[in-house]
Amino acid sequence: MTLRIAVGGIHTECSTSSPVLMQPEDFRVLRGRELLNADYFSFLNADGVDHLPLLHARAVPGGPVARHTYEAFKAEFLELLRASLPLDGLYLAMHGAMNVDGMDDAEGDWISAARAVVGPELPIAASYDLHGNVTQKIIDQLDIFAGYRTAPHIDVRETMVRAWSMLIRTLTTGEKPGVAWAPVPVLLPGERTSTEDEPAKSFYARLPDHDAAEGIWDANLMVGYVWADEPRGTACAVVTATDKAAAKAAAESIAQSYWQARQDFQFGPVTAPLEEVLELAEKAETKPVILADSGDNPTGGGVGDRADVLKALLARNFEGAVIGGITDRPAVEACFKAGAGSTLRLTIGGSLDPASPSVEVEAQVVSLDDPSSEPERQAVVKIAGVTVILAARRRPYHNIADFTRHGIDPATVRLLVVKSGYLSPELAPIANPNLMALTDGVINQDIERISNKRRQRPCYPFQKDFEFTAEARYSSRWIDRP
């Protein structure tokens, strides 16, 4: 018998401090054969399975998703889901830290709407980013859950395969897993919980040991997303299992261990305020020094249009710096109008968020990159001793190719500035050294000072003097099952 399994989802991360709402054009949307042919989903090749593509929408993290944008994607997804019935299973590729304007628990809304369409008997599997937030509403809809185990995320495909494989397992063996979870009142930024550094490194290294226990299919530690001021924000342990007692024990053990280590999480790279980091960069005799502008990191929800690092470099008359990049569509358009080789006055920064600092400069247009789509345009400008890549659209510059595309070899640069927290897997190995600046922005690392009006209390580090004992909770789908 051929199994009919539908595939879809929505994947982004949203800072509630950002005033820039995500619109439909901010998402890359995969539908139909395009979804199945995408490298992201290329593991969907199981024998004996009819893979039914729905809709998968993914965006660079940012501000909340505009309500009309979310509702349109959801309506299309559900229409395709209904049209795919009858089904044997549903796989959802999610992130978990989406915030929709005017809505709490957007993933809970999305997944429960899918459950309402497919009915109570159909198994649903979901994969999540470890920075996703989990709720009882989400857990109550699922039979299978798998989260990333690395940050930076180098196991995205592996995680998706874990979730997919468990779904195939339940459909082919008749085993019926359930999900248990144990919330932990701790919310820390990803930059202090990178799996490259201790103690997170050891926590995640131990998860496969839980997987190997009798009755456990998959164990997870979710860090959660700290820059969304919403009630669901929390770390948690999530376990997929066929043995309730084993799931409870594993979830509580993971959760309690995380709580006990809460004060041990520190930044991995050398980290300091911007001026102190620039002092270190100026004195460095090695290269490339890579400076992470942490408060404006697009992959964490930052706006990406702040020019405070550029302003500070120009004030120091710094020579040999490359900034990749600053989002400023009006500046890019002005460069294209002026043409390569020209010199013009530009205002750089603050094009999206009025609170973002800008700087007025005289810039030489070094090169123009026009991939035939205006939102994808980029311009490289030289301002005194600083080279800046300007982008028309919000985007990160985390890959070597993001620079070599413009004739810039990151390994030879004196100072490379990227809007990032922990460095990407491509940039981290060449950093000599890696410095992280505690810059301002909507994902400021000074999390104890960010908006904290709607989170559950108490929660560390917003509140510190309280006790906690982990207590696992089951999916409602599992409670009455033998």
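Biologist: What is the strand order in the open sheet of nine strands?

Modeller: The order is β10-β18-β11-β17-β12-β16-β15-β14-β13, and the pairing is mixed. This is a predicted model.

Biologist: Why do β10 and β13 count as standing at the edges?

Modeller: β10 (270-272) and β13 (343-348) each have a single partner strand, so one side of each lacks a neighbour in the sheet. From one strand to the next, the twist averages 30°.

Biologist: How do you know that β15 and β16 pair?

Modeller: Pairing needs at least two bridges between the strands. Strand β15 (residues 378-383) and strand β16 (residues 386-391) are joined by six bridges and run antiparallel, so they meet that rule. Gln378 is found opposite Ala391 in β16.

Biologist: Which strands does helix α11 lie across?

Modeller: Helix α11 (residues 329-338) lies across β12 (321-327), β13, β14 (359-369), β15 and β16. Its direction is at about 170° to β13.

Biologist: What does the UniProt record list for residues 291-454?

Modeller: The unreviewed UniProt entry lists them as "domain: Microcystin LR degradation protein MlrC C-terminal". In the model, that span is 14% helix and 29% strand, and its end C-alpha atoms are 33 Å apart.

Biologist: What makes strand β9 mostly covered?

Modeller: In β9 (residues 235-241), seven of its seven residues are buried. Ala235, Ala237, Val239 and Ala241 point one way, Cys236, Val238 and Thr240 point the other way, and all are buried. In a regular strand, side chains alternate between the two faces of the sheet.

Biologist: Which strands pair with β9, and in what sense?

Modeller: Strand β7 (residues 178-184) pairs with β9 in the antiparallel sense over seven bridges. Ala180 stands opposite Val239 in β9. Strand β8 (residues 216-222) also pairs with β9 in the antiparallel sense, over six bridges. There, Ala237 of β9 is the bridge partner of Leu221.

Biologist: How many aromatic pairs are there?

Modeller: The count comes to 17 aromatic pairs.

Biologist: Why is the pair of Tyr128 and Phe145 called tilted?

Modeller: Planes under 30 degrees apart would count as stacked and over 60 as edge-to-face. The planes of Tyr128 and Phe145 are at 45°, with ring centres 5.0 Å apart, so the pair is tilted. Tyr128 lies in strand β5 (residues 124-128) and Phe145 in strand β6 (residues 144-147), 17 residues apart. Both Tyr128 and Phe145 are buried.

Biologist: Which rings have an arginine over the face?

Modeller: Arg262 lies over the face of Trp259, 3.7 Å from the ring centre. Arg377 lies over the face of Phe336, at 4.1 Å from the ring centre.

Note on methods. Residues are numbered from 1 along each chain as its sequence is written. This is a predicted model: local features need pLDDT of at least 70, side-chain atom pairs count only at pLDDT 80 or more; totals for chains, interfaces and linings use all residues. Side-chain values use heavy atoms; hydrogens and water are left out. Buried means under 20% relative accessible area, exposed over 50%, partly exposed in between (1.4 Å probe, protein chains only). Helices (H or I, at least four residues) and strands (E, at least two) are DSSP runs, numbered from the N terminus. UniProt positions are given in the numbering used here, feature names are shortened, and annotations may be inferred rather than shown by experiment. Rings of Phe, Tyr and Trp (its six-membered ring) pair if their centres lie within 6.5 Å; planes under 30 degrees apart count as stacked, over 60 as edge-to-face and the rest as tilted. A charge sits over a ring if NZ of Lys or CZ of Arg is within 6 Å of the ring centre and within 35 degrees of the ring normal. Axes are lines fitted to C-alpha atoms, for helices over the stretch in contact, and angles run from 0 to 180 degrees between N-to-C directions. Contact means heavy atoms within 4.5 Å.
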